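Please read each point with the structure open.

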Amino acid sequence: MISNFFHELGAGGVSIEESGTLNKVRDTTYGQLYDTPLNDIPEGEAEIKAYFGEPAEEMNGFVEQLKQFVLVLRDEIGIDIGPAVIAHREVDEEEWATAWKQYYKPLRITERLTIKPTWETYIPERADEWIIELDPGMAFGTGTHPTTSLCLQTLETKLTPGMNVIDVGTGSGVLAIAAAMMGAGRVLALDLDPVAVNSARENVTLNKLDHRIVIAESDLLGILRDESLSANGQLGLKLPVELVVANILAEIILLFVSDVYEALVPGGIYIASGIFKNKEEAVTQGLVSAGFTIESIERDQDWIAFVAKKG
């Protein structure tokens, strides 16, 4: 009833956070990470929040209407709604979009590779250091998640200068940029999300690698089926390639294993990450069934990255 009343007042969104979560077992089926603690709302109570775009001075009127509605629920309808504490505050819209940046600092991934947020100052610690300038925006791939750092560390050990590389599910473009910095000849970075494609292009430009990296919108490796693009050089590289990297959930990895196999030269390397530990056996079977040989399995916390070679 309260939520409906908020909507009638013109709320742009309503959230309900209930109590009773302190003893709840959180679902980690797909390796979910939770960056906020369980709430401390007393048992049987809930917090209902509504978001309005009106000026702050209009909120006093909304609060008064809400108070009257609470009295109706309690006194006329006979519903026990508890303390019904009402509060409101003004939120700077820009704060929500940028507040996370204060926690994102330069991050050393390997001895030579560092990811530097564009808004941070960083002094290189060695002359041959690779420094990736990154503003991920709404795209995945800050380098802080174990799956991304696993890919970056593995790329450094498996990528030979001159290799052509395909990055599937590029997100912010961080893996593609790293591959180019490590000496890849040409890199094709693909993502289904237009927001990620735009973010990756901006980051590639920031790192002055437009001449080495092509960003394209594609459902996994679907774009490779358009032979005209390859023939016209629009993919930026010739197929097949020497290395494919994909930092995607295990369920997605298993959808296009055969496509990756076809995209690689004999002896080509496939780095597959984004895999939670409970999917290790399924991914192993999928890779082997497609013709790959598992070279190694890299681990970080509960996450796994496979290094597989095409037979």
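1. E111 has a relative accessible area of 62%, so this residue is exposed (exposed means over 50%, buried under 20%, and partly exposed in between, with a 1.4 Å probe and protein chains only). The model is a predicted one, in which local features need pLDDT of at least 70 and side-chain atom pairs count only at pLDDT 80 or more, while totals for chains, interfaces and linings use all residues. Residues are numbered from 1 along each chain as its sequence is written, and side-chain values use heavy atoms, with hydrogens and water left out.

2. Which residue does E111 meet in a salt bridge? The partner is R126, at 3.9 Å from N to O (a salt bridge is a side-chain nitrogen of Lys or Arg within 4 Å of a carboxyl oxygen of Asp or Glu). R126 lies in the loop between β4 (113–117) and β5, and E111 in the loop between β3 (107–108) and β4, so the bridge ties together parts 15 residues apart in sequence. Helices (H or I, at least four residues) and strands (E, at least two) are DSSP runs, numbered from the N terminus. R126 is partly exposed, at 30% relative accessibility. A network of salt bridges links E111, R112, R126 and D128.

3. K158 and E295 also form a salt bridge between their side chains, at 3.6 Å, N to O. Because K158 lies in helix α4 and E295 in strand β11 (residues 292–300), this pair ties together parts that are 137 residues apart in sequence. Both count as partly exposed: K158 has 27% relative accessibility and E295 has 37%.

4. A salt bridge of 2.9 Å, N to O, joins the side chains of E280 and R299. E280 is in helix α10 (residues 280–290) and R299 in strand β11, 19 residues apart, and the pair links distant parts of the chain. E280 counts as partly exposed, at 22% relative accessibility. The count of salt bridges by this rule comes to 14.

5. F140 lies in the loop between β5 (130–134) and α4 (146–158). Is F140 buried or partly exposed? At 46% relative accessibility, F140 is partly exposed. Neighbours within four places in sequence aside, the residues in contact with F140 include H145, T170, S172 and N247 (contact means heavy atoms within 4.5 Å). F140 and G173 are 33 residues apart in sequence, and their C-alpha atoms are 8.8 Å apart in space.

6. E57 lies in the loop between β2 (46–51) and α2 (59–76). E57 is exposed, with a relative accessible area of 61%.
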